[in-house]
Amino acid sequence: IQIFAITDAVARVNALLSGDVEMIADLDPKAIKQVESTQGIEVKSQSSGAYMGICIMLDKHPGINPDFVRGMKLLQRRDKIVKSLLKGHGTVGNDQPINAAYGADFCADLPIRAYDPDQAKHFLGKSGITSAEIQVAEVSPGITDAVLMWQRECSKIGFDLQVKRVPNDGFWGAVWMQTPINVTTWNMRPTATIMLDIAFAPDAPWNDTLWKDDRMGVLLKMAKSETDPGKRLEIQCEMQTLAHDGSGMIIPAHTNIVDAHSSKVKGIPNLALGNLGASEWPEFAWLEA
């Protein structure tokens, strides 16, 4: 087995189409039709709890202003991102990391945050903040286009959102959790509690927006020991609501795991936890002669 790192999305697709590689991860949504129409190549799309995220750091200006954060959350064209940017290979996000892929622990009663430019303008005006900058790398297929769409929505209400594109190389050390507004991507975890514990617990080192909520910490401890499904769902709903309302995380969409491979490759597992069968393909896949 030979594994190559091809960070450029176009070059990665071309490597597959030319036969230089048999499989690629993170197929660019814009290339899905091209790949599907190519004989001998297949698209593998798996529904998942993976998500693209926009991180507004709550310890830095402008994220220290809650009205600014609230206004920015109201300018997401969630349906359009899924339909137009992800080409339908995803689901609408709701600014908290748990979706229907997590099964019984998903709080389906939590209303989806609606696109509301009038309310966004109200809260941004209340904040007194008129401009901001986001640093974005294509860490998740479609995230750059989603940010540019967000920029256009900001401009419609007179807010100046400046988009600074940065390379993927070095992003996780120099930009993520370092600059005031940046982007992130997360694969799905085996359970909702694990996902919330890793990225939304008040003491979690990978808490993307440095959101500190003591009640979330208490609820996470309760969820880990609760065996009654009904009571656990109540805890989950409270935790997901807290994240939805209080954190600096904007989750416009959950993304399918979208990979592509030669038709000669067989046996890739159907797992929602990551690319190419949650990286378990070496154990199960084979190459047909």
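Let's start with the largest cavity: strand 2 (41-46), strand 9 (257-262) and helix 11 (275-278) each supply at least two residues of its lining. Helices (H or I, at least four residues) and strands (E, at least two) are DSSP runs, numbered from the N terminus.

Before going on, the ground rules. This is a predicted model: local features need pLDDT of at least 70, and side-chain atom pairs count only at pLDDT 80 or more, while totals for chains, interfaces and linings use all residues. Residues are numbered from 1 along each chain as its sequence is written, and side-chain values use heavy atoms, with hydrogens and water left out.

Back to the cavity. Its volume is about 40 Å³. The structure holds one cavity of 30 Å³ or more. On a 1 Å grid over the protein atoms alone, a cavity is a set of points where a 1.4 Å probe fits but cannot get out; a pocket is an open set with protein on both sides within 12 Å along at least five of seven lines; lining residues have an atom within 4 Å of a point. Grid points are joined across faces, edges and corners, and a volume is the space filled by probe spheres set on the points.

Who lines the cavity? Lys44, Gln46, Ile257, Asp259, Pro269, Asn270, Leu271, Leu276 and Gly277. By class, that lining has four nonpolar, three polar and two charged residues. Ala, Val, Leu, Ile, Met, Phe, Trp, Tyr, Cys and Pro count as nonpolar, Asp, Glu, Lys and Arg as charged, and the others, Gly among them, as polar.

Next, the second largest pocket. It holds about 200 Å³ of space. There are 13 lining residues, and Pro66, Val69, Arg70, Lys73 and Asp245 lie nearest the centre. Helix 3 gives the largest share of this lining, four residues. Helix 10 (229-246) also supplies at least two. The classes here are four nonpolar, five polar and four charged.

Which residues of helix 5 (117-127) are buried? Ala120, Phe123, Leu124 and Ser127. Buried means under 20% relative accessible area, exposed over 50%, partly exposed in between (1.4 Å probe, protein chains only). Just after helix 5, Gly128 takes a positive phi of about 80°.
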